[in-house]
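Here are a few notes to read alongside the model. Could you keep it open while you go through them?

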Amino acid sequence: MFVVCHYSEIGLKRGNRRFFEDKLIENIKKVLRPDFFEFVKRMSGRIIIKLTKEGINNKREVEESLKKVFGIEYCAFAQKTEAEIGTIKKNVLQILKNEKFKNFRITSHRSSKEFPLTSQEINEKVGAYIVDKLQKKVKLENSDLECFIEIVEKSAFLYLKKIKGLGGLPTSTGGKAIALISGGIDSPVAAFKAMKRGVRVIFLHFHAFPYTNQASIDKVKRIVEVLSEYQGKSKLYLIPFADIQREILLKTPAKLRVVLYRRMMLRIAKEVAKKEDALALVTGESLGQVASQTIENIKVINEAVKDLPILRPLIGDDKEEIIQKAKEIQTFNISILPYQDCCVRFIPEHPETKANLKEVKEAEKKLNIKKLTREAIEKTKIIKVINKICP
């Protein structure tokens with residue numbers, strides 16, 4: 001048995017398409033157990049996996065693993081046969097004999113023009129053969145069953161079911177970025193969306209332990225474990241933030257605290273980015289959702305790290321869209337568990353929504369920013385998260 005994997009976006013890459021294909025093959029090999037496949041290789045604009053007996057016996061695990069590989073548009077468990085119309089007809093008949101259906105359609109794709117029949121001619125000849133042998137009707141729209149035939153080089157791959165993939169670009173084709181991740185709903189979704197664009201994400205979490213309990217840390221570890229199933233091994237930076245919050249509380253105007261918190265977080269994240277050779281930061285901000293996420297405040301917050309790009313994948317999403325995606329990627333039920341978020345400690349009753357950069361910089365003169373940043377980095381703990389699929 002084989003698995004045929006199709007991609008869509010990679011096919012548009014032209015000159016560097018081979019780079020993306022190679023990375024996709026590498027990532028597929030990482031998520032599958034070594035004893036599940038004989039080979040993984042490219043073949044005429046698709047990736048072909050030959051399963052071993054062990055892989056065939058564990059089709060469910062193979063399917064679930066491939067559904068978490070960025071770059072795969074869809075895949076299918078397929079039977080391989082000789083690219084000869086008589087042989088194809090007989091093999092399709094054997095497959096359909098065991099299926100329950102009243103009507104059907106044949107959908108063929110001929111990637112090799114050396115095959116003497118066009119895709120439409122294949123559909124007609126195989127369809128007529130099934131009608132004759134099984135007395136079933138052809139129905140092109142809303143049929144009970146659809147049989148796919150792919151002519152690839154000198155082989156034909158036959159299958160009945162397409163398994164939807166994640167699409168996007170293979171992990172590690174889009175560089176590295178630092179994702180600021182809380183225990184909430186938004187930031188895990190933002191990290192996932194960055195990962196879908198090929199970005200390898202390094203996670204960073206700010207906490208207030210021991211001034212708060214460890215619930216936020218435990219939640220974030222669980223969230224990163226879930227997200228690591230989409231990119232393999234991950235690294236999580238745990239940054240203590242309570243001392244910085246205390247300094248801001250004691251020395252700066254209450255209305256500016258939220259903006260000052262965020263500017264300090266980005267400065268620290270930038271230092272981690274330097275250490276990791278990361279090219280950008282990723283945040284879960286959505287425009288207008290909370291006080292710090294007005295366009296005026298975002299502009300002032302950006303200025304703290306103006307020479308490093310900040311990616312905001314959720315900037316135009318509303319809360320319901322974010323919640324739906326969180327449920328799809330299975331982080332939602334973890335995110336809604338109760339925890340003490342360092343970001344909401346000492347939040348003023350009326351936070352500034354249209355911060356003035358000059359006023360913010362004046363307030364920051366009362367803070368020893370370099371010292372606070374250095375001490376936070378020195379007290380940072382790094383955790384390596386290895387998912388259950390990729391040892």
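1. Starting with the neighbours of Pro170: leaving out residues up to four places away in sequence, Pro170 touches Ile10, Phe20, Lys23, Leu24, Asn27, Phe70, Gly71 and Gly198. Contact here means heavy atoms within 4.5 Å. Bear in mind that this is a predicted model, where local features need pLDDT of at least 70 and side-chain atom pairs count only at pLDDT 80 or more, while totals for chains, interfaces and linings use all residues. Numbering runs from 1 along each chain as its sequence is written, and side-chain values use heavy atoms, with hydrogens and water left out.

2. Gly71, one of those contacts, is 99 residues from Pro170 in sequence, yet their C-alpha atoms are 4.7 Å apart. Pro170 itself sits in the loop between strand 9 (163-164) and strand 10 (176-180); strands are DSSP runs of E, at least two residues, numbered from the N terminus.

3. Is Pro170 buried or exposed? Its relative accessible area is 0%, so Pro170 is buried (under 20% relative accessible area, with a 1.4 Å probe and protein chains only).

4. Now for strand 1 (residues 2-6): five of its five residues are buried, so the strand is largely enclosed by the rest of the structure. Phe2, Val4 and His6 point one way, Val3 and Cys5 the other. In a regular strand, side chains alternate between the two faces of the sheet.

5. Which strands pair with strand 1? Pairing takes at least two DSSP bridges between two strands. Strand 3 (residues 47-51) runs antiparallel to strand 1, joined by four bridges, and Phe2 stands opposite Lys50 there. Strand 4 (residues 74-82) is also antiparallel to strand 1, with five bridges; Val3 has Phe77 as its bridge partner in strand 4.

Key: Buried means under 20% relative accessible area, exposed over 50%, partly exposed in between (1.4 Å probe, protein chains only).
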